[in-house]
Amino acid sequence: MTEKIIKLIDKLQASGSLTLDEYEILVANPTPEAVAYATERAVEVRKKHYGNKVFIRGLIEISNICKNNCLYCGIRGGNSECERYRLTPEQILSCCAEGYALGFRTFVMQGGEDAYFTDEAVCSIIKEIKEKYPDCAVTLSLGERSRESYQRLYEAGADRYLLRHETANPEHYAKLHPKEMSWHNRINCLHDLKEIGFQTGCGFMVGSPYQTNKDIARDLKFIEEFKPHMCGIGPFIPHKATVFADRPAGSAELTCYLLSIIRLIRPNILLPATTALGSIDGNGREKGILAGANVVMPNLSPADTRKKYELYNNKLYTNAESAQALDQLKSRMLSIGYEIVCDRGDAKTQI
């Protein structure tokens with residue numbers, strides 16, 4: 001089987017495409033030899049496009065207030081135990097000022113779907129960031145909005161938008177979300193974002209409840225066909241105040257293997273080693289980079305709010321996850337042969 005997997009990896013590197021059945025074979029048979037081979041090929045491809053550079057993003061978690069009730073999420077609207085907060089525009093801009101001084105040139109505003117952050121409110125913040133820091137990129141991750149809303153945010157100066165598709169299987173999506181939420185709307189939002197001109201990111205959880213190998217294969221095929229600029233994947237980690245509290249967490253090893261496969265599908269993609277990966281494995285961030293990732297997102301949020309943005313149990317928010325510990329992060333990356341760079345870190349044109 002390993003020989004068959006290696007041939008499929010070679011085919012993927014050559015063409016960037018496999019059939020759904022072939023992706024499922026890759027996912028279902030991660031032998032140590034196959035994983036090592038995929039990792040080697042992914043690193044080769046990533047270095048061709050990005051060398052040993054690792055881009056940093058300053059993450060600002062602007063609100064843990066959310067109207068949605070996604071069944072896996074710790075900040076779901078129905079979680080009465082969640083201590084809610086919302087940053088003011090002044091606090092957000094203060095985070096940017098601190099981040100800029102530290103060397104960050106991309107700011108990521110992430111939050112629940114909080115009605116306070118209207119188009120007017122978000123556009124005002126974007127414009128002020130762009131006026132003060134014209135050499136910086138602004139990334140948003142604020143959930144599902146109308147096409148008109150996305151257009152306004154883009155025109156205000158936002159560069160990138162992250163919206164995880166969660167799963168490419170509508171039936172699986174329905175098992176993770178309340179009936180009020182629509183897989184079709186989520187996918188339409190992603191297409192709207194890309195058509196408007198955003199550098200667009202999708203992504204999914206590895207090992208989420210009810211997920212099958214075929215579901216992951218569908219996710220990989222979706223990434224191949226959608227051609228995102230960015231893709232965020234991380235292991236599912238349960239949260240104590242959700243219906244999936246007792247479900248097992250996803251695998252760091254499988255997540256890293258999938259990072260390698262995604263790098264082969266989209267050689268120029270911006271691929272984070274996520275906080276979830278670092279939370280489930282003490283060396284997860286390094287393992288993600290060594291598997292083909294090239295982005296890390298330290299936390300710039302105010303120190304007293306970081307613990308409150310708890311999407312899952314035991315989320316990291318101190319030490320190397322903290323933007324203030326940038327020197328520690330640089331040292332950890334240097335120890336595995338990679339270099340943190342302080343620039344916008346846009347996606348390269350496909351070679």
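## Contacts of Thr-200

In this predicted model, Thr-200 touches Tyr-161, Leu-190, Leu-193, Lys-194, Phe-226, Pro-228, His-229 and Met-230, leaving aside residues up to four places away in sequence. Thr-200 is part of strand E6. Its relative accessibility is 0%, so Thr-200 counts as buried, the cut-off being under 20%.

One of the contacts, Pro-228, is 28 residues from Thr-200 in sequence, yet the two C-alpha atoms are 5.6 Å apart in space.

Arg-263 sits in helix H10. Although arginine is classed as charged, Arg-263 has a relative accessible area of 0% and is therefore buried. Not counting residues up to four places away in sequence, Arg-263 touches Ala-42, Val-45, Arg-46, Tyr-50, Asn-268, Ile-269, Leu-271, Gly-292, Ala-293 and Asn-294.

Lys-48 is 215 residues from Arg-263 along the chain, and 11 Å separates their C-alpha atoms.

## The buried side of helix H2

Helix H10 is also one of the packing partners of helix H2. H2 spans residues 20–28, and its buried residues are Glu-22, Tyr-23, Leu-26 and Val-27.

The partners against which the buried residues of H2 pack are helix H1 (2–15), helix H9 (213–226) and helix H10 (252–265).

## The largest cavity

The structure holds one cavity of 30 Å³ or more. The volume of the largest cavity is about 1,100 Å³. Its lining is made up of 48 residues, and those closest to the centre are Gln-110, Ser-141, Arg-164, Glu-166 and Leu-311. By class, the lining has 26 nonpolar, 12 polar and 10 charged residues.

Several strands and one helix each supply at least two residues of this lining: strands E2 (58–63), E3 (106–111), E4 (137–141), E5 (160–162), E6 (199–206) and E7 (230–235), together with helix H11 (275–280). Strand E7 gives the largest share, five residues.

## A three-stranded parallel sheet

Three strands make up an open sheet in the order E8-E1-E9, with parallel pairing. Strands E8 (295–296) and E9 (339–341) are the edge strands, each pairing on one side only. Strands of a sheet pair through backbone hydrogen bonds, either parallel or antiparallel.

Strand E1 covers residues 53–56 and pairs with E9 in the parallel sense over three bridges. Phe-55 has Val-341 in E9 as its bridge partner.

## Positive phi in two loops

Which backbone angle is positive in Tyr-210, although it is not a glycine? Phi of Tyr-210 is about 75 degrees. The residue lies in the loop between E6 and H9. With a relative accessibility of 39%, Tyr-210 counts as partly exposed, because the value falls between the cut-offs of 20% and 50%.

Lys-227 is another residue other than glycine with a positive phi, near 60 degrees. Lys-227 is placed in the loop between H9 and E7. Its relative accessible area is 41%, so Lys-227 is partly exposed.

Terms used: Residues numbered from 1 in each chain as written. Predicted model: local features only at pLDDT ≥ 70, side-chain atom pairs only at ≥ 80, totals over all residues. Heavy atoms only, no water. Pairing = 2+ DSSP bridges. Helix = DSSP H or I, 4+ residues; strand = E, 2+ residues; numbered from the N terminus. 1 Å grid on protein atoms, 1.4 Å probe; cavity = no way out; pocket = protein on both sides within 12 Å on 5 of 7 lines; lining within 4 Å. Points joined across faces, edges and corners; volume = space filled by probe spheres on them. Buried < 20%, exposed > 50% of the residue type's maximum accessible area, 1.4 Å probe, protein only. Contact = heavy atoms within 4.5 Å.
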